[in-house]
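This report describes selected strands, helices and packing contacts in the model shown below.

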Amino acid sequence: MSAPAPALPANTVLRARLTGELDVTALSAAVDDLVTARPELAAAGARPGRVRLRVIDLSRSAGEQQRSVLAELAADEAARPVGAAGRPRLRACLAGLGAGAHELLLAVDREQVDTWSVAGLTRDLGAAYRARIPDATAARPATGPAPGTGPVPGAWLPGERASRTLPGETGETGETAETGETAATAKTAAVAERVLAAFAAVLGRYAGTDEAVLTVPDGPAHRTIRVDLAGAPTSARLAAAVRTAPDAGPDTPAFPIRAVFAGHDLPAAALELPGVAEQVSVDSPPDPEGRLTLAVTGPAEFTVALTGALPGRVTAEGFADHLALAVRFGLDDPDRPLAELDLSGRPAPHPAPGPATTRPYRDYLAFLDEEFAARVREAPGAVAVRSEEGTLDYGGLDRWSCRTAHVLDRHGVGPGRVVALLLTGGAGRIAAVLGAMRTGATFTCLNPADPDARLRDILAGTGAVCVLADEAAVAAHPALLGPDGRFAGLPVAAPVPAPGDAPGDEPQGEHVCFPAPPAADRPLCIVHTSGSTGTPKGIALSRAAFAQFAEWQRERFGIGPDSRVAQWAPLTYDAAYTEILAALTAGAALCLPPEAARRDPVSVVRWLRRERIGQIQTVPSFFRLLTEALDAQGGELPDLRHVLVAGEVFPVDLAEAWAHRAVRPRLHNLYGPTECILATHHELPPGGEFPAGVPIGVPIPGREALVLDGLGRPCPVGVPGEIHLRSAFLAGSYHRRPAETASAYLPDPWRPGRTLYRTGDRGHLRADGTLAFTGRTGNQVKIRGNRIELDEVEAVLEQQAGVREAAAAVRTTASGDPCLVGYVVADPGVSGEALRRLVAARLPAPAVPDLIAVLADLPRTATNKRDRARLPWPLPARRSEPEGDER
């Protein structure tokens with residue numbers, strides 16, 4: 001289970017190093033005066049309490065010990081809530097360090113201190129202190145910083161800070177006493193306006209949106225504005241747009257970055273205590289949502305401060321560099337669209353090629369057939385498949401698959417044709433896959449549990465010439481079986497029995513290779529995922545792609561004749577064929593789990609241990625269940641050498657828990673859409689920590705991963721964008737769907753004649769060269785490893801009688817599990833549970849909403865689009881009619 005998140009520090013801690021003749025009694029009284037003068041800091045209740053300055057003597061401690069104690073004090077002040085039990089919302093502590101040095105710590109409720117109020121707080125405390133000292137103006141000045149090096153505006157900004165000199169600015173205002181400060185102030189304001197426009201542009205680039213939402217000064221207060229970045233505005237036009245930007249209303253979509261422009265007239269955070277030199281800093285609580293603050297801290301300087309985490313792994317230093325680039329871009333050509341700014345800073349970006357494969361592409365065309373045949377020749381008696389039915393050796397699997405190929409050949413299956421496989425289980429499915437492969441045809445595996453409508457759509461969409469189906473699978477769909485014995489209008493081929501089960505029923509030429517290894521680059525299989533139109537989308541994957549991936553797996557994970565590889569993935573997923581082909585081309589044993597155990601983690605753990613499985617691939621959510629089952633049983637899995645997880649984000653707590661186990665397999669996090677099987681790989685190191693999430697790694701040989709912004713430009717390290725893939729092993733198209741192919745496969749601007757695949761995933765490059773995944777760009781989601789198009793769910797919902805409008809979204813339950821929720825606006829009498837039963841006949845089981853809510857209206861954005869972010873969750877309480885029906 002996930003460990004509970006640690007509580008965030010409750011307070012902001014203002015720290016001031018004071019050196020000089022400090023009047024501690026006056027300071028104590030001044031702190032109390034400050035709270036009295038500021039109602040927001042005063043205690044609640046009829047008899048408010050007073051603030052007592054806690055004084056600690058550290059003068060006899062060594063310097064290192066002093067620093068350690070001060071760090072502990074600051075942490076304690078940050079953690080302990082203020083304002084409880086009628087006490088003020090400020091707490092003060094003063095540590096004496098000796099030789100006239102002190103450190104003052106003021107802990108203030110985090111809700112009472114923001115970017116604008118820190119300087120005012122220090123100013124008021126200093127005024128209260130001076131008021132408590134007789135003849136303060138005559139006090140001896142401090143022996144501290146030299147003239148001109150006093151407190152700097154913005155130096156107290158909380159979090160990680162980075163300052164830059166403004167391009168084109170010298171810092172010399174050119175003002176004299178005669179001309180006054182008016183021109184200097186106007187110049188600073190103009191600089192601030194230019195920086196603010198660049199700030200909005202870079203924010204939009206980081207967020208991947210055509211707008212920026214940020215908080216700006218508004219007289220003594222501040223307001224949140226929405227800056228429109230659509231239409232490729234120039235620097236000059238954007239500066240004007242910022243001046244007139246409207247307030248961000250309630251319908252403004254949530255912006256992923258909390259951004260603040262603190263202004264250009266920021267005062268210094270200074271106490272100005274007579275006779276005392278000072279250095280002020282602020283320890284701000286971690287901000288779970290992340291906050292980015294920008295201030296113009298001089299006539300030729302700006303400062304960026306970052307608390308918490310922004311999307312990606314953006315740092316204050318990196319953002320400051322990009323902001324300086326944007327300001328320079330606007331100065332060089334104010335009439336050029338800011339959208340053309342290349343944040344990478346390179347004049348002609350050309351993504352570097354990915355790791356190479358071990359052989360040319362053409363050599364992979366016959367690889368699968370030749371490697372399997374070689375394993376049969378080398379060790380025909382070696383175990384190829386282990387299942388509930390027993391074991392099947394390589395020679396037997398070879399004969400069985402060859403007999404299957406003969407049967408399919410008699411039904412017109414061959415190169416350029418498609419055959420559908422509808423089988424319920426057992427080693428016969430593996431023989432069927434190899435048999436279809438040996439004909440040179442393209443196969444597609446159907447799920448016997450899918451509804452009739454989905455099976456009919458897939459068969460019609462692929463143009464299959466026949467269906468290889470067993471009796472149990474056909475019997476589950478009586479409505480598709482015609483009186484002539486055809487299934488959905490297609491002839492049915494019966495699976496052949498296992499070798500030896502029917503003596504004499506062996507066709508002539510059984511041991512002859514059937515047919516010769518293919519010379520043409522034809523698809524091996526078609527895998528179906530959700531489609532945005534409500535019908536399944538076919539992805540045709542090549543023999544070469546599976547061959548190269550099998551070769552990489554064999555080498556990377558050490559698969560050989562002594563290996564046992566779990567065949568865990570359903571045959572409707574491309575992952576199943578990576579398991580089958582990697583094992584059978586390496587001479588390994590392919591191990592099929594008992595069908596009854598697939599959904600029971602306890603039974604799976606027992607099976608892994610009993611069968612001494614060495615490698616399994618699964619989704620992180622099921623791996624978590626296996627972990628819990630293993631811990632409940634006790635013991636380890638000493639034979640398990642490799643665990644591959646893919647299909648979902650690898651949770652940090654699960655990764656770190658395994659990283660610190662004494663007995664552990666090697667853990668591998670893989671990422672990639674079906675269109676290229678998988679694209680990247682990252683092995684988790686023993687004892688690893690993942691504060692920024694588990695990386696999805698580096699490209700697998702033969703693949704390249706690019707992170708591009710909305711205009712197709714490479715994103716710098718840390719800046720999120722959309723992940724694009726380049727590979728000769730990409731599917732290249734969707735089966736019989738040219739329009740969807742054109743939208744997903746884009747011309748490669750760096751390599752004429754080639755294409756890039758838009759994954760729809762967002763990510764960023766990390767400083768160590770690995771890739772991080774940050775979410776989806778569109779309406780496709782993954783739940784428990786299943787790729788689901790929310791558009792498809794909505795389309796099927798809207799096809800139901802009485803439904804006027806529909807939306808779908810993924811929500812998280814109280815237990816942390818993902819929940820697919822459908823929302824409909826429907827006629828009276830339409831219930832969510834009735835709709836669930838109807839859509840279950842059209843959608844695969846993973847895409848059927850867990851519950852469906854009937855709403856009066858769907859929330860909408862300012863442009864009248866359905867606003868999924870504002871769909872209610874938890875669902876409204878039920879009144880006279882049910883708002884939702886739960887499964």
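## Strand pairing and helix packing

Strand 6 and strand 7 (residues 221-228) form an antiparallel pair joined over eight bridges; two strands count as paired if DSSP finds at least two bridges between them. Within this pair, A212 stands opposite V227 of strand 7. Strand 6 also runs parallel to strand 8 (residues 258-263), to which two bridges join it, and L214 has A259 of strand 8 as its bridge partner. Strand 6 (residues 211-218) is mostly covered, six of its eight residues being buried. Here buried means under 20% relative accessible area, exposed over 50% and partly exposed in between, with a 1.4 Å probe and protein chains only. Helices (H or I, at least four residues) and strands (E, at least two) are DSSP runs numbered from the N terminus.

The model is predicted: local features need pLDDT of at least 70 and side-chain atom pairs count only at pLDDT 80 or more, whereas totals for chains, interfaces and linings use all residues. Residues are numbered from 1 along each chain as its sequence is written, and side-chain values use heavy atoms, with hydrogens and water left out.

The protein chain as a whole comprises 19 helices and 37 strands. Of its 887 residues, 53% are buried. Among contacts in the chain with a separation of 6 or more, 71% are between residues 24 or more positions apart, contact meaning heavy atoms within 4.5 Å.

An open sheet of five strands has the order 2-3-4-1-9 and mixed pairing. Strand 2 (54-57) and strand 9 (276-283) are at the edges with a single partner strand each, so one side of each has no neighbour in the sheet. On average, and with direction ignored, neighbouring strands of this sheet are turned by 20° against each other. Strand 2 pairs with strand 3 (residues 90-98) in the parallel sense over four bridges, and V55 stands opposite L94 in strand 3.

| Helix | Strands touched or crossed | Angle |
|---|---|---|
| Helix 1 (residues 24-37) | strand 2, strand 3, strand 4 (101-109) | about 165° with strand 3 |

The axes of helix 8 (residues 394-410) and helix 9 (residues 427-439) come within 7 Å and cross at roughly 60°. That angle makes helix 8 oblique to helix 9, since angles under 35 degrees count as roughly parallel, over 145 as roughly antiparallel, 65 to 115 as roughly perpendicular and the rest as oblique. Residues of helix 8 in this contact include L397, W400 and L408, and those of helix 9 include I430, L434 and R438. By class, the contact has eleven nonpolar, five polar and two charged residues; Ala, Val, Leu, Ile, Met, Phe, Trp, Tyr, Cys and Pro count as nonpolar, Asp, Glu, Lys and Arg as charged, and the others, Gly among them, as polar.

Helix 13 (residues 574-584) is largely enclosed by the rest of the structure, because eleven of its eleven residues are buried. Among them are D574, Y577, E579 and L584.

G330 is located in helix 6 (residues 316-332) and is buried, with a relative accessible area of 8%. Its C-alpha atom is separated by 9.3 Å from that of A197, and G330 and A197 are 133 residues apart along the chain.

Notes
Axes fitted to C-alpha atoms, helices over the stretch in contact; angles between N-to-C directions.
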